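Take a walk through a protein chain, one stop at a time. Keep the structure open and find each residue as it comes up.

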Amino acid sequence: MAYFNFNNAKIKAVAASVPDDVEYTTDYSELFGEEYVRKFTISTGVKRRFTTHRLGVTASDLCCAAAEKILTELNYDRSKIDALIFTSSSRDYIQPVTATILQDRLGLSDDCMCYDVPLGCSAYVYGLYLATMHINSGCRSVLLLAGSTGEQMPKGYVPSEIPMLFGNGGSATLLEHDEAAAPTYGLLRSMGRDFKMLASPFSGQRHPFWPMVEKYGYKKACLLRSLFHMEGMDVMRFSLKEVATMIKDFKEHFQCDYDDYEILACHQANKLIVSNLARKIKFPLAKIPLSIVDYGNTGCASIPLAICEHYANKDTSDDTGKILTCGFGIGLSLGIVGITVEPENCFPILRVADRYDDGIRVEDYV
């Protein structure tokens with residue numbers, strides 16, 4: 001069992017961001033029909049989402065803005081940050097890793113350790129484990145960045161895989177060494193046997209692009225490369241069986257009482273899954289923020305976005321900041337982590353319009 005329990009790691013601040021471009025689910029009524037859109041909204045809960053396909057901002061742009069918010073608001077000494085972890089499947093380049101570019105953009109020290117973790121909807125909980133492990137290995141402060149954005153598509157292109165569900169978002173979580181910090185504890189699991197349930201199978205080296213062009217033609221190869229496959233009913237069963245079992249095992253192992261936690265910041269797969277999971281584990285639905293309503297399924301960013309949505313713009317003077325975080329999805333990968341945040345340092349969600357110019361021009365390479 002992959003249980004863990006760390007001390008000494010204080011979560012100093014959490015920030016989240018979305019692209020400054022909103023789409024409403026009803027915008028798709030003419031394309032898919034009003035009845036389809038109505039049923040979709042009832043089952044998923046999504047009324048709007050923020051997207052990058054017109055702005056061109058990336059997950060790293062969103063995470064960078066969230067990190068800048070924290071560092072600026074706290075007037076934080078950037079030289080103290082000894083590690084930066086970018087947890088996302090939405091990388092800027094095939095090579096190099098995105099984390100090193102973010103280290104430069106944020107003005108961090110050359111002594112800062114940087115790496116990517118290409119997970120999906122479990123990225124944040126795995127990232128919390130890694131960040132707290134680094135704190136306990138000698139790092140003074142760690143920046144955990146988690147975000148997801150979709151691939152840029154041709155103008156007018158509408159994917160067939162329920163485009164209204166997925167929103168884009170980024171986040172930053174600052175952790176620092178503090179011997180008086182509340183513990184960070186959790187359980188992580190993996191079920192690779194079911195990886196085909198959620199996958200982009202034609203976008204890597206196992207099924208490379210140019211052989212698909214030769215076999216199927218350029219247009220179909222492009223469609224395959226951008227395909228995201230999801231077996232909806234199997235995902236539902238996974239969420240209600242395996243995720244629920246994991247949470248129950250966590251509760252039993254750590255002898256937890258749900259009353260001790262202010263919220264369960266759960267991955268926002270869709271409203272139906274979240275509400276049924278709450279019923280299955282007997283957790284009050286009123287204590288699970290449903291950020292999916294306004295932001296859609298934002299993948300890696302959904303948990304920190306839910307945290308910020310809950311605490312920001314409210315009186316937090318009586319809040320303890322003790323919460324549960326739960327992520328699950330592509331891999332299949334899942335985890336639950338108990339943390340304590342500083343509610344006053346969970347900032348309002350930012351809207352980001354600026355795309356970073358890396359200075360790379362195609363003309364310089366061909």
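Start at Y365, which lies in the segment after β15 (350-352). The model you are looking at is predicted. Is Y365 buried or exposed? Its relative accessibility is 63%. The cut-off for exposed is over 50%, so Y365 counts as exposed. Together with I360, V362 and V366, Y365 forms a nonpolar patch. The accessible area of these four residues together is about 490 Å².

Now look for a patch of another kind. Find K248 in helix α8, which covers residues 232-254. K248 has a relative accessible area of 41%, so it is partly exposed.

Follow the chain on from helix α8. Q255 sits in the loop between α8 and β12 (263-266). Q255 is exposed, because its relative accessibility is 72%. Its backbone deserves a look too. Most residues other than glycine have a negative phi. The phi of Q255 is positive, near 50°. N8 is another residue other than glycine with a positive phi, here near 75°. You will find N8 in the loop between β1 (2-6) and β2.

Next, turn to a buried residue. I288 is in the loop between α9 (271-281) and α10 (292-295). Why does I288 count as buried? The cut-off for buried is under 20% relative accessible area, and I288 has 5%. Which residues does I288 touch, leaving aside neighbours within four places in sequence? The contacts are L264, C266, V274, A278 and F283. I288 and Q268 are 20 residues apart in sequence. In space, their C-alpha atoms are 9.9 Å apart.

F40 is another buried residue, with a relative accessible area of 6%. Look for F40 in helix α2.

Now for the charges. Side chains of opposite charge can pair when their charged atoms come close. How many salt bridges does the structure hold? There are 17 salt bridges. Three of them follow.

Begin with E342 and K10. Their side chains meet in a salt bridge, at 2.8 Å from N to O. This pair links distant parts of the chain, 332 residues apart. E342 is in the loop between β14 (333-340) and β15, while K10 is in strand β2 (residues 9-19). E342 counts as buried, because its relative accessibility is 16%. K10 counts as partly exposed, because its value is 22%.

Move on to R54 and D21. Their side chains also meet in a salt bridge, with an N to O distance of 2.8 Å. Again the pair links distant parts of the chain, this time 33 residues apart. R54 is in the loop between β4 (48-50) and α3 (59-73). D21 is in the loop between β2 and β3 (22-24). D21 is buried, because its relative accessible area is 15%.

Return to helix α2 for the pair E35 and K39. The salt bridge between their side chains spans 3.9 Å, N to O. Where do the two sit in the helix? Helix α2 covers residues 34-44, and E35 and K39 are four residues apart in it, so about one helical turn separates them. E35 is partly exposed, because its relative accessibility is 40%. Some salt bridges share partners. Bridges of this kind join D21, E23, R49 and R54 into one network.

Finish with the backbone. Most peptide bonds are trans. Which bond is cis between Q95 and P96? The peptide bond from Q95 to P96 is cis, with omega near 5°. P96 lies in the loop between β5 (81-87) and α4 (98-105). Another cis peptide bond joins G331 and L332, and its omega is about -10°. L332 belongs to the loop between β13 (322-329) and β14.

Definitions and conventions
Residues numbered from 1 in each chain as written. Predicted model: local features only at pLDDT ≥ 70, side-chain atom pairs only at ≥ 80, totals over all residues. Heavy atoms only, no water. Buried < 20%, exposed > 50% of the residue type's maximum accessible area, 1.4 Å probe, protein only. Contact = heavy atoms within 4.5 Å. Patch = residues over 30% accessible without salt bridge, like charges linked within 9 Å, V, L, I, M, F, W, Y side chains within 5 Å. Areas by Shrake-Rupley, 256 points an atom, 1.4 Å probe, with all protein chains shown as cover.
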